[in-house]
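Please look over the sequence and the structure before reading on.

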Amino acid sequence: MNENNTQPYSAEQPAQPTPLDVSVKITPSNKDGNLLAFANVTLGGCFAVTGIRVMDSEKGVFVAMPDRKNAKGEYHDVCFPTTPEMRKVLHTAVLGEYQHTMEQLASRSEKSRASVMDAIQNAKKSAAERPAPDKAKAPQQHKAEKGAR
């Protein structure tokens, strides 16, 4: 090692890529259209990529990397995987987390819908079980004549 505690580069020993820890946070889109969600990815706990989009097309759901429009009106990716293996890892992680998030949202909405329906059913049952008020015992309301208060 040299004085900076780094290993010297050797052309004989190609660098072996180490598997990265890929963590993904999905934010579903509320807008109609092809945009399904946004994703933020952290690679190895030390590099974050924001603005990744989960898109829908005729060919299916895909991951679109963050991009910018140049002066000619063409879009170019700001960052992107440089190997097919990393592209596969990144896309699998994003699409897997998107599917997981959508399943959780569906599960939550089913539970809340079920709880609302249960509350309505319980209210109907309790109303049906209560005896009707006896009109003879109910206090009579006097209608006020015009002008009288």
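In what order do the 4 strands of the open sheet lie, and is the pairing parallel or antiparallel? The strands of this open sheet follow the order β1-β2-β3-β4, and their pairing is antiparallel, where two strands count as paired if DSSP finds at least two bridges between them.

The model is a predicted one, in which local features need pLDDT of at least 70 and side-chain atom pairs count only at pLDDT 80 or more, while totals for chains, interfaces and linings use all residues. Residues are numbered from 1 along each chain as its sequence is written, and side-chain values use heavy atoms, with hydrogens and water left out.

**The chain and its sheet**

The protein chain holds 1 helix and 6 strands, and along the sequence these follow the pattern β-β-β-β-β-β-α. Helices (H or I, at least four residues) and strands (E, at least two) are DSSP runs, numbered from the N terminus.

Strand β2 (residues 35-43) pairs with strand β3 (residues 47-57) in the antiparallel sense over 7 bridges, and Ala39 has Ile52 in β3 as its bridge partner.

**Helix and surface**

His100 is part of helix α1 (residues 84-129). The C-alpha atom of His100 is separated by 9.4 Å from that of Ile26, although the two residues are 74 apart along the chain.

Residues are called buried under 20% relative accessible area, exposed over 50%, and partly exposed in between (1.4 Å probe, protein chains only). Of the 149 residues in the protein chain, 15% are buried. The table gives values for some residues.

| Residue | Relative accessible area | Class |
|---|---|---|
| His100 | 38% | partly exposed |
| Cys46 | 68% | exposed |
| Cys79 | 23% | partly exposed |

The structure holds 0 disulfides, a disulfide being a pair of cysteine sulfur atoms within 2.5 Å.

**Contacts and area**

Among contacts (heavy atoms within 4.5 Å) in the protein chain between residues at least 6 apart in sequence, 26% join residues at least 24 apart. The accessible surface of the protein chain is about 12,900 Å², and 53% of this surface belongs to carbon and sulfur atoms, with areas computed by the Shrake-Rupley method using a 1.4 Å probe.
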